[in-house]
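Work through these exercises with the structure in view. Try each task before you read its solution.

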Amino acid sequence: MSFLKLAATLILTLNITLSIPSGADGAPDAPQGRWSWPLSPKPSVLRTFDPPDKPWLSGHRGVDLGPRPDGGQVTAPSDGVVAFAGVVVDRPVLTIDHGDGLRSSFEPVASSLKQGDRVAKGQTVGTLQSGHCGSTTCLHWGVRRGEEYLNPLGFVSDLRPSVLLPLE
């Protein structure tokens, strides 16, 4: 390998390793493996994360997972405390506070949990209901840190771009 190719490969590798900040492209800065999917088996993603440019504009502040025609069990993706369990507009919503400013919300999910209940990663927290994706039953999963919406998929998948490096 020529010195120029070696230097370019090294610079590219260091740039990829060091310059992708946590939070890039809506990806959270939570280590992979600490969170799990809220539906099992691993669901398909029906609608991706598409946050608006400004907080007051329309967008999709989470992901839609499914389909689950059987009203599947929803599980806690990480340990936490129930921050909200109730109805918002016309849908049952469950919000879990995971600490460090992170909160995940699920709708439409019927749950017997109440505010202040502790939940463990993988614990069933409710049952998926219909009403979010029209005729298809799906789970809307959102994650926030403070007031900033994050891509939930970044907590369960590696969202960094793949980069091909030269062989020589």
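**Exercise 1. Find the aromatic pairs in the whole structure and classify each one.**

Solution. Step 1: a search of the whole structure finds two aromatic pairs. Rings of Phe, Tyr and Trp (its six-membered ring) pair if their centres lie within 6.5 Å. Planes under 30 degrees apart count as stacked, over 60 as edge-to-face and the rest as tilted. This is a predicted model: local features need pLDDT of at least 70, side-chain atom pairs count only at pLDDT 80 or more, and totals for chains, interfaces and linings use all residues. Residues are numbered from 1 along each chain as its sequence is written, and side-chain values use heavy atoms, with hydrogens and water left out.

Step 1: take Trp35 and Phe155. Their centres are 4.3 Å apart, with 35 degrees between the planes, and the pair is tilted. Trp35 sits in the loop between α1 (3-19) and β1 (44-47), while Phe155 is in the segment after β11 (148-150). They are 120 residues apart. Helices (H or I, at least four residues) and strands (E, at least two) are DSSP runs, numbered from the N terminus. Trp35 and Phe155 are buried. Buried means under 20% relative accessible area, exposed over 50%, and partly exposed in between (1.4 Å probe, protein chains only).

Step 2: take Phe106 and Trp141. This pair is stacked, at 6.3 Å centre to centre and 15 degrees between the planes. It links strand β6 to strand β10, across 35 residues. Both Phe106 and Trp141 are buried.

**Exercise 2. Describe the largest nonpolar core.**

Solution. Step 1: apply the rule. A nonpolar core is a set of buried Ala, Val, Leu, Ile, Met, Phe, Trp, Tyr and Cys residues joined through side-chain atoms within 4.5 Å.

Step 1: the largest core has 25 residues. Val74, Val125 and Trp141 have the most contacts inside it. Two or more residues come from each of β2 (63-66), β5, β6, β9 (124-128) and β10 (139-145). β10 gives the most, with three residues.

Step 2: look around Val125. Contact means heavy atoms within 4.5 Å. Neighbours within four places in sequence are left aside; the contacts of Val125 then include Val74, Leu94, Ile96 and Leu113.

**Exercise 3. How many salt bridges does a search of the whole structure find? Examine three of them.**

Solution. Step 1: the search finds four salt bridges. A salt bridge is a side-chain nitrogen of Lys or Arg within 4 Å of a carboxyl oxygen of Asp or Glu.

Step 1: Glu107 and Arg91 meet at 2.9 Å, N to O. Glu107 lies in strand β6 (residues 102-107) and Arg91 in strand β5 (residues 91-99), so the pair ties together parts that are 16 residues apart in sequence. Glu107 is buried, at 19% relative accessibility. Arg91 is partly exposed, at 25%.

Step 2: Lys114 and Asp117 meet at 3.3 Å, N to O. Lys114 is exposed, at 56%, whereas Asp117 is buried, at 19%.

Step 3: in the salt bridge of Glu147 with Arg144, the closest N and O atoms are 3.8 Å apart. Glu147 is exposed, at 67%. Arg144 is partly exposed, at 24%.
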